[in-house]
Amino acid sequence: MARQQIISTQNEKLKEMHWKIQQWKTQFQVIDNEILFLERLLNSSAFKTNTPNLFERLEGYKVKIEELKNNLKLLRNSISVHENSLGKILDVTENKNNQQYYQVHDQLNTDISNCYKNFQTLKSEIFNYTGTILIT
């Protein structure tokens, strides 16, 4: 009875992790759309041309966006590997202690949270700057 309850608890935790993985993927889709908007904004001609260092600032933001996109790609690959591992764990009838998997999940969660915070900071920085130099 106690063994069955432990297995049930482990299965619930693994299902919660699967749900979290799906949330990460959805979050990345939203970020992709926002990045597309930011890239279009930075490549537009909607800015006052007499702004000092305009080209340099816009190019700097473009570089930061490319770095972010590379980081997102690495995280997506990690999520894919992680999700495949979860599938293998769920396929096993008798779950063992999956502590290493839990640790990887927690680290991924931290990395994704940091990436999201960095994205939000960059997005705010771009909006704050470009908002002051739009042609009106």
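Student: What percentage of the contacts in the protein with a separation of 6 or more is accounted for by residues 24 or more positions apart?

Tutor: This is a predicted model. Among its contacts with a separation of 6 or more, the share that joins residues 24 or more positions apart is 87%.

Student: Which pattern does the protein follow along the sequence?

Tutor: The protein contains 3 helices and 0 strands. The pattern is α-α-α.

Student: Which element has the highest mean pLDDT?

Tutor: Across the protein the pLDDT averages 91, and 90% of the residues score at least 70. Among the elements, helix H1 (residues 2–43) has the lowest mean, at 89. The highest mean, 96, belongs to H3.

Student: How far does helix H3 reach from its first C-alpha to its last?

Tutor: Helix H3 covers residues 99–131 and has 33 residues. At 1.5 Å a residue, a span of 48 Å would be expected, and the model comes close to this. The reach of H3 is 47 Å.

Student: Which residues of the largest nonpolar core touch the most other members?

Tutor: Of the protein's 136 residues, 30% count as buried. The largest nonpolar core has 31 residues, and two of them touch the most other members: Tyr-101 and Ile-126. H1, helix H2 (54–91) and H3 each supply at least two residues of this core. Both of the residues asked for are listed among the buried residues of H3: Tyr-101 and Ile-126.

Student: Which residues does Tyr-101 touch, not counting those up to four places away in sequence?

Tutor: Tyr-101 is one of the buried residues of H3. With residues up to four places away in sequence set aside, Tyr-101 touches Leu-14, Met-17, Ile-21, His-82, Ser-85, Leu-86 and Ile-89.

Student: Is Thr-130 buried or exposed?

Tutor: Thr-130 has its place in helix H3. Leaving aside neighbours within four places in sequence, Thr-130 is in contact with Leu-41, Leu-42, Phe-47 and Leu-58. Its relative accessible area is 3%, and because the cut-off is under 20%, Thr-130 is buried.

Student: Where does Ile-35 lie, and how far is its C-alpha from that of Ile-65 in space?

Tutor: Ile-35 lies in helix H1, and at 3% relative accessibility Ile-35 counts as buried. Beyond four places in sequence, Ile-35 touches Ile-65, Leu-68, Lys-69, Leu-72 and Phe-119. Ile-35 and Ile-65 are 30 residues apart in sequence, yet the distance from C-alpha to C-alpha is 7.4 Å.

Student: Why is the pair of Phe-37 and Phe-127 classed as it is?

Tutor: The protein has 2 aromatic pairs. In the pair of Phe-37 and Phe-127 the ring centres are 6.2 Å apart and the planes stand at 65°; because angles over 60 degrees are placed in one class, the pair is edge-to-face. The pair links Phe-37 in helix H1 with Phe-127 in helix H3, 90 residues apart. Phe-37, at 48% relative accessibility, and Phe-127, at 37%, are both partly exposed, and the class of their pair is edge-to-face.

Student: Which class describes the pair of Tyr-61 and Tyr-129?

Tutor: Tyr-61 lies in helix H2 and Tyr-129 in helix H3, so the pair ties together parts that are 68 residues apart in sequence. Tyr-61 counts as buried at 2% relative accessibility, and Tyr-129 counts as buried at 9%. The ring centres are 6.0 Å apart and the planes are at 55°, so the pair is tilted.

Student: Which residue has its charged end over the ring of Tyr-129?

Tutor: Two charged residues lie over tyrosine rings here: Lys-13 is over the face of Tyr-102, at 4.3 Å from the ring centre. Over the ring of Tyr-129, 3.9 Å from its centre, sits the charged end of Arg-57.

Student: What value is phi of Asn-53 near?

Tutor: Asn-53 has its place in the loop between H1 and H2, and at 52% relative accessibility Asn-53 counts as exposed. Most residues other than glycine have a negative phi. Asn-53 has a positive phi, near 60°.

Notes. Residues are numbered from 1 along each chain as its sequence is written. This is a predicted model: local features need pLDDT of at least 70, side-chain atom pairs count only at pLDDT 80 or more; totals for chains, interfaces and linings use all residues. Side-chain values use heavy atoms; hydrogens and water are left out. Helices (H or I, at least four residues) and strands (E, at least two) are DSSP runs, numbered from the N terminus. The expected span of a helix is 1.5 Å times one less than its number of residues. Buried means under 20% relative accessible area, exposed over 50%, partly exposed in between (1.4 Å probe, protein chains only). Contact means heavy atoms within 4.5 Å. pLDDT is the predictor's confidence in each residue, from 0 to 100. A nonpolar core is a set of buried Ala, Val, Leu, Ile, Met, Phe, Trp, Tyr and Cys residues joined through side-chain atoms within 4.5 Å. Rings of Phe, Tyr and Trp (its six-membered ring) pair if their centres lie within 6.5 Å; planes under 30 degrees apart count as stacked, over 60 as edge-to-face and the rest as tilted. A charge sits over a ring if NZ of Lys or CZ of Arg is within 6 Å of the ring centre and within 35 degrees of the ring normal.
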